[in-house]
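Please keep the sequence and the three-dimensional view at hand while reading.

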Amino acid sequence: MNRPQYVLGVSMSNHDRSACLLRDGEIVAAVAEERLDRRKKSEGFYEQHLGSAVLPPYRAITAVLHEAGLTVGDIDRVVCGRSILPCRDDLLNQFPFPPEKVVEIPVPGHHIAHACSAFFTSPFENAAVLVLDEQGHRLEDDRFERMTWYTAHGTQVVPIRQFYGDSETLSLGMFMDAFATFTGLSEAKQPSAGKLMGLAAVGQERQQWPSLVTTVDDGDAYVRLSELDSFFASVLPRRVEFEGGIVRQLDDLLAKYWPVHWSSNLAADLAFKAQAELEGALLHINRHLKAQVGSENLAYAGGVALNCTANAKLSLAGWRDVFVHPAATDDGNAVGLAYYGQRSLAGKHRRPELFNPMTGPRYSQKAVEEAVHRFGLGEWLERTDMSDEAAERLSRGETLCWFLGRSEWGPRALGGRSIVADPTVPGIKALINSRIKHREPFRPFGISGTPRGVEQALDVGAALPSLAPYMLAVARARDTRLSQLQHQDGSIRYQIVQRAWQPEWFGMIEAFGRRSGVECIVNTSFNVLGEPLVETPSDAVRQFVLSGAQALLINGFRLDSADVPREYLRQIRRQAFQAGGQHPLKVALGIEAAGYCAAAITFLEDQEFGEEAAEAEGKQVLRAYYSLHLRGALLKNEHERSTELSKYLLAMAEFDGAVLEAASVLEATEQPETQAMGQFFTHIGRYGSAFRHASGIWAGTDG
Ligand SMILES: [Fe+2]
């Protein structure tokens with residue numbers, strides 16, 4: 001009998017690194033590095049600056065090999081790839097693969113990895129393939145992969161049109177990133193196009209704004225940097241330090257203007273603008289792609305493909321069905337790279353069938369018990385029938401953490417690692433956003449349901465079927481009990497659960513339906529306080545303790561927070577947070593950025609991170625600490641407290657002699673506005689220095 005063939009795909013982009021192992025063309029396991037190293041987006045640069053080199057996703061590679069019981073030497077082929085630059089040397093320098101087995105996707109070929117991820121996990125025998133991301137590989141002349149069209153059949157994925165960008169001709173991914181940046185929406189220091197899509201539902205059209213996407217008769221669509229610059233010049237304040245600078249590339253543009261806060265009307269209208277332009281551009285692109293490829297099906301990947309609001313309208317381009325690879329950003333490329341390697345190996349290849357996204361490593365019962373004992377919670381761990389217990393608790397209005405089997409591939413919780421609730425409980429969205437997830441209030445929740453439940457609850461008549469299993473489809477609510485979950489534009493994101501993949505998850509929703517009459521539940525990702533989705537039982541217990549949810553249901557066990565003495569729970573909350581290795585102030589500022597200032601301050605108190613702790617970490621931390629408390633005091637109209645904090649902050653202002661001298665020059669000018677500015681700086685500068693010396697708070701730290 002022939003030995004199976006193993007192909008390992010390793011995605012080594014600057015962020016979203018991941019690994020996937022195929023055995024004879026079937027996925028054995030795939031996991032993103034961020035789940036294992038617990039850093040959202042898992043940037044892969046070396047700690048010490050070593051140019052542009054990146055680290056391989058060690059943990060993900062090890063985890064997928066372990067899942068199959070293999071060692072490095074057992075792999076028949078390793079295929080690596082990265083965005084922008086090559087990576088094979090970085091992989092070989094850090095991981096002991098036999099060099100003759102390691103191939104790299106050719107440059108430019110970042111997009112072929114996305115295309116393979118989309119087509120080879122799609123249920124289609126043939127399809128058009130579209131790849132749209134921020135940027136793929138860079139060419140020697142500094143152009144970059146911007147958009148690529150393919151036609152795919154059987155084991156073939158063949159490019160038919162390649163569109164390149166340059167510093168003036170930006171991709172749609174860059175366009176969305178620019179708008180996310182200027183509306184203050186980010187995640188793990190990266191602009192968040194996903195949040196921008198959510199905010200768009202709250203915004204309105206401003207007819208006086210010019211159109212920004214250039215569409216070309218051949219089906220191309222891109223954005224000119226200069227037009228984007230003129231547009232933002234008309235709506236955003238310019239940064240003084242950029243005065244006189246020239247915008248030569250996207251980074252210059254991003255440095256040129258101040259963002260507006262997402263809670264402003266301007267931000268919402270900007271988000272609306274970006275979303276509307278994107279949707280128009282996508283329809284234009286897809287109509288041309290459809291005309292060029294004789295297929296009814298579209299397979300789609302790249303970061304832009306996660307825009308489910310835009311995707312819901314793709315049927316207007318004439319597609320009968322659309323499949324988006326659930327990990328559409330660069331994490332999904334591990335799957336694409338592995339299939340790319342598989343194509344050229346003789347032997348079996350995948351069958352066109354719906355992709356089962358539950359690809360993460362498996363965890364034993366022992367791992368669950370150890371995780372619980374680590375936090376001294378062992379005596380409260382009980383065996384349970386998860387489906388029945390969850391259904392019962394949900395119908396009592398509880399919010400639960402749910403951990404079952406392998407984790408899901410991609411950014412959406414699909415029932416492997418979920419926080420769940422009853423969608424009919426009044427105010428459930430605000431409750432989960434404000435108490436558990438600390439997400440911006442405009443961000444909606446998705447629902448998971450049985451086919452029958454979703455059909456009854458939502459108007460899914462015209463929906464594209466292959467988007468539904470992955471929480472990538474949207475539809476309007478039909479059942480008025482769910483309308484509170486609707487986005488302002490009337491849509492709800494949903495997952496139709498496949499019984500064959502997830503019998504217990506399916507059974508739980510069915511059992512909940514018997515009690516409530518609704519075979520749908522709220523399903524949001526099981527992660528809090530800025531961490532990635534939980535992966536291991538240990539992450540699950542730790543994040544449950546921090547979440548404030550009523551119970552954790554985990555691989556046949558239950559942990560009920562009501563059983564644990566309150567004071568003990570409070571103590572282990574600190575321990576649980578510290579084990580995550582995050583800085584409390586950074587997390588608090590993240591909570592505040594999502595709109596929950598009071599919760600951010602309470603969180604710091606719970607973590608016993610006070611003035612002394614902040615001061616011990618230096619001026620920058622202390623300033624951030626005071627300014628958070630100042631904003632908190634202002635919100636609560638605490639006049640005395642806010643005055644006191646303002647004094648501290650002004651006293652910390654770093655005005656040296658040169659600044660005071662410059663201020664006196666401004667004061668001496670003839671122009672009243674400039675004079676006033678000079679007086680202002682003189683006053684603050686003198687006050688700051690005087691206060692510093694008088695109070696002695698920072699004695700020894702100032703000159
Ligand atoms: Fe990409």
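The sections below take up the basis of the model, the metal site, the annotated domains, a helix with its neighbouring strands, and several individual residues.

## Basis of the model

The structure is a predicted model, in which local features need pLDDT of at least 70 and side-chain atom pairs count only at pLDDT 80 or more, whereas totals for chains, interfaces and linings use all residues. Residues are numbered from 1 along each chain as its sequence is written, and side-chain values use heavy atoms, with hydrogens and water left out.

## The iron site

The iron ion is coordinated by His110 and His114 through NE2 and by Asp133 and Asp330 through OD, at 2.2 to 2.3 Å. Donors here are N, O and S atoms within 2.8 Å of the metal (3.2 Å for Na, K and Ca), and sites may look incomplete because water is not among the atoms. Along the chain, the donors follow the spacing H-x3-H-x18-D-x196-D. The angles among the 4 donor atoms run from 86 to 176°, and the site is classed as irregular. In this scheme four donors count as tetrahedral if all angles lie between 85 and 135 degrees, four count as square planar and six as octahedral if opposite donors are over 155 degrees apart and all others between 65 and 115, and anything else is irregular.

Both histidines belong to helix α4 (residues 110-119), where they lie 4 residues apart, about one turn of the helix. Helices (H or I, at least four residues) and strands (E, at least two) are DSSP runs, numbered from the N terminus. His110 and His114 are both buried, where buried means under 20% relative accessible area, exposed over 50%, and partly exposed in between (1.4 Å probe, protein chains only). In the loop between β5 (102-104) and α4 lies Pro108, and the peptide bond that joins Val107 to Pro108 is cis, with omega near -5°.

## Annotated domains

An unreviewed UniProt entry carries the annotation "domain: Carbamoyltransferase" for residues 7-79 and 108-338, and the annotation "domain: Carbamoyltransferase C-terminal" for residues 391-558. UniProt positions are given in the numbering used here, feature names are shortened, and annotations may be inferred rather than shown by experiment.

Residues 108-338 are 37% helix and 21% strand, with end C-alpha atoms 17 Å apart. For residues 391-558 the figures are 28% helix and 23% strand, and the end C-alpha atoms lie 13 Å apart.

Within helix α12 (residues 365-374), Val368, Ala371 and Val372 are buried. Seen down the axis of α12, the buried residues fall within an arc of 95°, so they line one face of the helix; the arc is that of the directions from the helix axis to the C-beta atoms. Lys366 and His373, on the other side of α12, are exposed. The cover over the buried residues of α12 includes β16 (381-383), α17 (537-547), β24 and β25. Just after α12, Gly376 has a positive phi of about 65°.

In strand β24 (residues 551-554), Ala551 and Leu553 point one way and Leu552 and Ile554 the other way, and all are buried. Strand β17 (residues 400-403) pairs with β24 in the parallel sense over 4 bridges, pairing being assigned if DSSP finds at least two bridges between two strands. Ile554 is the bridge partner of Phe403, and Ile554 also stands opposite Phe557 in β25. Strand β25 (residues 557-560) runs antiparallel to β24, joined by 4 bridges. These two strands, β24 and β25, form a hairpin with 2 residues between them, and Asn555 in the turn has a positive phi of about 40°.

## Individual residues

His438, in the loop between α14 (428-437) and β19 (446-449), has a positive phi near 50° although not a glycine, and counts as buried at 17% relative accessibility. Leu529, in the loop between β23 (520-525) and α17, is likewise a residue other than glycine with a positive phi, near 55°, and counts as buried at 11% relative accessibility.

Lys273 has its place in helix α9 (residues 265-292) and is buried, with a relative accessible area of 11%. Not counting residues up to four places away in sequence, Lys273 touches Phe179, Trp209, Pro210, Ser211 and Leu212, contact meaning heavy atoms within 4.5 Å.
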